[in-house]
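I record each look-up in the order in which I made it.

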Amino acid sequence: MARVKPFRCIRPAKELAHRIAALPYDVYSRKEAKEEIGREPLSFLRIDRAETNFSDDVDTYDPKVYDKAKELLDEMINDGSFISDNEECYYVYEQVMDGRAQTGLVACSSIDDYINNVIKKHENTREEKELDRIKHVDICNAQTGPIFLAYRSQARINDVIDKVKKEEALYYFTSADGIGHHVWRISDKEQIEIIQNSFSNLQDLYIADGHHRAASAVKVGLKRREDNPGYTGDEEFNSFLTVLFPHDQLKILPYNRTVKDLNGYSSEEFINKLESAFIVEKLGRNPYAPDKKGEFGMFLEGMWYRLKAKEDITGSKDPVKALDVSILQDYLLGPILGIADPRTDNRIDFIGGIRGLIELERRVSTDMKVAFSMYPTSIEELFAVSDSGKLMPPKSTWFEPKLRSGLFIHSLD
């Protein structure tokens, strides 16, 4: 049973929402975040990346950075840049990219569901990456960046959301990157009950994106339970901010790979090595993106190739080994190019599909030797890996569009 509850949202004043809403903190370098704030001084990055308020010699994780984040958030609440709803509501959040819409439900999910694996994961997290957000959430006393969850589509939830979307929107704007953002509020008690009951009948929710943010939010909740041994379970720190999307509205983009060298092989020797596991077809200079599982594009010395995995290495019943990212790692990157651990090897880099094949060609022409275009992992594959209790290889999925931070804030009080 999944517990997905409405909450009292802190959110931007209507006329400022388009200026405050920001991409997640972790898609920017410090320099890029500072440049974005220079472009838009009200960007929520001022709070999410509060080190940008200091000179570059101040460490990103200095305690005064987190104090600054809280100070700025409090200021924006006090000056009316943010407003607080006085009743517990759900929110509908629609994003439109290239004419395709995906619509999620903004709500608070249970930290116990995370702990008990009702909310399933497909990635490990690293403690050092968690610590930053733990401090940010704890000191700000608020969750500011929602976690992207997926669930198997439910007709009753869809019906409520479709009805709400016919009403007047709270926010309706297009961000600088061309993504449309539309938000509605669900305050009707009957609709809230339908949604809560529908989720309570679900056995599984899935983290699509935001594993580190989720782990950090849960650890803050557990810390507050220790500090409040008489907690009832209904306190706000027992849940964390999420946007939940039905699986049939989500699109996963490929996560492409590029490698610095051929591990000592000449190009001819390398291609010969590939033929033990792949059928290799030289295509020419036109960029190639595979259109089916088990096939890969390769860009080498100005030419594109199609690599088709041989039948004896496809069709594994193991949901992890069956992934294209696993096949490439297990039969090419590891044994041929010598990349044993893609998490730590600095010879490999990962390029989100949103950047396109031109970025692969650019990298090969500058600092890399070979690049691989991937067929995207499907949401069904993500579910299968999570259901099996296993983990995906690193950089298996790239979701677009990204959720915006600063549109919805969950106070822990």
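**Entry 1. Pocket**

I began with the pocket rule: on a 1 Å grid over the protein atoms alone, a cavity is a set of points where a 1.4 Å probe fits but cannot get out, whereas a pocket is an open set with protein on both sides within 12 Å along at least five of seven lines; lining residues have an atom within 4 Å of a point. Grid points are joined across faces, edges and corners, and the volume is the space filled by probe spheres set on the points. I note that the model is predicted, so local features need pLDDT of at least 70 and side-chain atom pairs count only at pLDDT 80 or more, while totals for chains, interfaces and linings use all residues. Residues are numbered from 1 along each chain as its sequence is written, and side-chain values use heavy atoms, with hydrogens and water left out.

I looked up the second largest pocket and found about 150 Å³ of space in it. I listed its lining as V320, K321, S326, Q329, D330, P342, R343, L391, M392, P393 and P394.

**Entry 2. Helix α11**

For secondary structure I used DSSP runs numbered from the N terminus, with helices as H or I of at least four residues and strands as E of at least two. For burial I took under 20% relative accessible area as buried, over 50% as exposed and the range in between as partly exposed (1.4 Å probe, protein chains only).

Is helix α11 enclosed or open? I found 8 of the 10 residues of α11 (residues 324-333) buried, so this helix is largely enclosed by the rest of the structure. The buried residues of α11 are D324, V325, S326, I327, L328, Q329, L332 and L333.

**Entry 3. Aromatic pairs**

I paired rings of Phe, Tyr and Trp (its six-membered ring) if their centres lie within 6.5 Å; planes under 30 degrees apart count as stacked, over 60 as edge-to-face and the rest as tilted. My search of the whole structure returned 13 aromatic pairs. One of them joins Y255 and F350 edge-to-face, at 6.4 Å centre to centre and 80 degrees between the planes. This pair links distant parts of the chain, with Y255 in strand β14 (residues 255-259) and F350 in strand β18 (residues 348-352), 95 residues apart. Both Y255 and F350 are buried.

I also examined F278 and F296, which form an edge-to-face pair at 5.9 Å centre to centre with 85 degrees between the planes. F278 lies in strand β15 (residues 278-284) and F296 in strand β16 (residues 295-300), so the pair ties together parts 18 residues apart in sequence. F278 is buried at a relative accessible area of 1%, and F296 is buried at 0%. I recorded one aromatic cluster formed by F7, Y91, Y93 and F408.

**Entry 4. Charges over rings**

I counted a charge as over a ring if NZ of Lys or CZ of Arg is within 6 Å of the ring centre and within 35 degrees of the ring normal. R133 lies over the face of Y25, 3.8 Å from the ring centre. The charged end of K402 sits over the ring of W398, 4.3 Å from its centre.

**Entry 5. Salt bridges**

Side chains of opposite charge can pair when their charged atoms come close. My rule was a side-chain nitrogen of Lys or Arg within 4 Å of a carboxyl oxygen of Asp or Glu. By this rule I count 39 salt bridges.

E381 bridges to K293, the closest N and O atoms being 3.0 Å apart. E381 lies in helix α13 (residues 379-387) and K293 in the loop between β15 and β16, so the pair ties together parts 88 residues apart in sequence. E381 is buried at 16% relative accessibility, whereas K293 is partly exposed at 41%.

R363 and D367 meet in a salt bridge at 2.9 Å, N to O. R363 is buried at 11%, and D367 is partly exposed at 40%. Finally, I noted a network of salt bridges linking K120, R152, D204 and D387.
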